[in-house]
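I would ask you to look at the sequence and the model together as I speak.

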Amino acid sequence: MKKKLIHFILTTTLTVTSAFGFGSIGTYAAEEQQQELIEKNLTNYNVLDGSKLVGNEPSPKEKLNQEQISSKYNLQDVKNLPEGSNVIKFDKLEDLQKFLEMVNRDAQIEDIQEQPVTRGYGTRQVRYQRFGFGKIGLWADIKWNSSKTITSCDAWTTLTGITFAVDWQENGKATKCEKVSRNSTMIKGQGQASWVLFFEGAGKLYTQTVNMHYKYTVK
């Protein structure tokens, strides 16, 4: 069964104002007040500590600043995020970069070939691809006749595992079965995952398109 997660409504920019009039107040006090403002703005959301999640991930080979990270991964300002929404908060830019590199790396693996033995006149197949802290499943119901000619094939995707703060939207037109031969079909899946990421006082939306496929042959 296809699983639909909460879809984020994007209408007006949500950012944390950082225009303080500190005057003679020291830098430490300014940073302290800014942190208090960040925490105050997060009290209305369900927050996951992203820095703890990526603790075992390798450090980036090239550390980027906030502007470079936003540009490389096309991070967008989050707009009008409803109270109670799930967000992932990163204490360090390095941890945010770890997370983005991990998700981007997982999305590059498209071919998930594995050919099991087939029996009877139909099968339900699934292949899983790690994605972030969860996994995407590409499913297919395949049927064939006594001559091993495939007569029907239906494909769909699911997102399981740690799905906190992830919005998965399947592309129904691109998730399909494509005939390869009389007894062979290519199962394809596509969708877009979105996260709300909070760092340095601002909410950002990160989206990543995922493509998956595998070939199934009736033998």
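Let me begin with one term: a residue is called buried when its relative accessible area is under 20%. Please also keep in mind that this is a predicted model.

I shall start with the overall picture. The protein has 219 residues, and 42% of them count as buried. Its secondary structure consists of four helices and 10 strands. Read from the N terminus, the order of elements is α-β-α-α-β-β-α-β-β-β-β-β-β-β.

I turn now to helix H4. This helix has 15 residues and spans 21 Å from its first C-alpha to its last, close to the 21 Å expected at 1.5 Å a residue. Is H4 largely enclosed by the rest of the structure, or largely open? Of its 15 residues, 11 are buried, so the helix is largely enclosed by the rest of the structure. The buried residues include Leu93, Phe99, Leu100 and Val103, and also Asp95, Lys98 and Asp106. Against which elements do the buried residues of H4 pack? They pack against helices H2 (50-53) and H3 (66-72) and against strands E3 (86-89), E4 (122-131), E9 and E10.

The largest one contains 38 residues, of which Phe99, Leu100, Ile187, Trp195 and Leu197 touch the most other members. Two or more residues each are contributed by H4 (93-107) and by strands E5 (134-144), E6 (150-161), E7 (166-170), E9 (184-199) and E10 (202-217). The largest share, seven residues, comes from H4. A second, separate core has eight residues, including Tyr45, Leu81, Val87 and Phe198.

Finally, I draw your attention to Asn86, which lies in strand E3. Asn86 is partly exposed, with a relative accessible area of 23%. Its side chain makes a polar contact with the side chain of Asn46, at 3.0 Å. The C-alpha atoms of Asn86 and Ala165 are separated by 4.7 Å, although these residues are 79 residues apart along the chain.

Terms used
Residues numbered from 1 in each chain as written. Predicted model: local features only at pLDDT ≥ 70, side-chain atom pairs only at ≥ 80, totals over all residues. Heavy atoms only, no water. Core = buried A, V, L, I, M, F, W, Y, C linked by side-chain atoms within 4.5 Å. Buried < 20%, exposed > 50% of the residue type's maximum accessible area, 1.4 Å probe, protein only. Expected span 1.5 Å × (residues − 1). Contact = heavy atoms within 4.5 Å. Polar contact = N/O pair within 3.5 Å; in protein donor to acceptor, adjacent residues only side chain to side chain.
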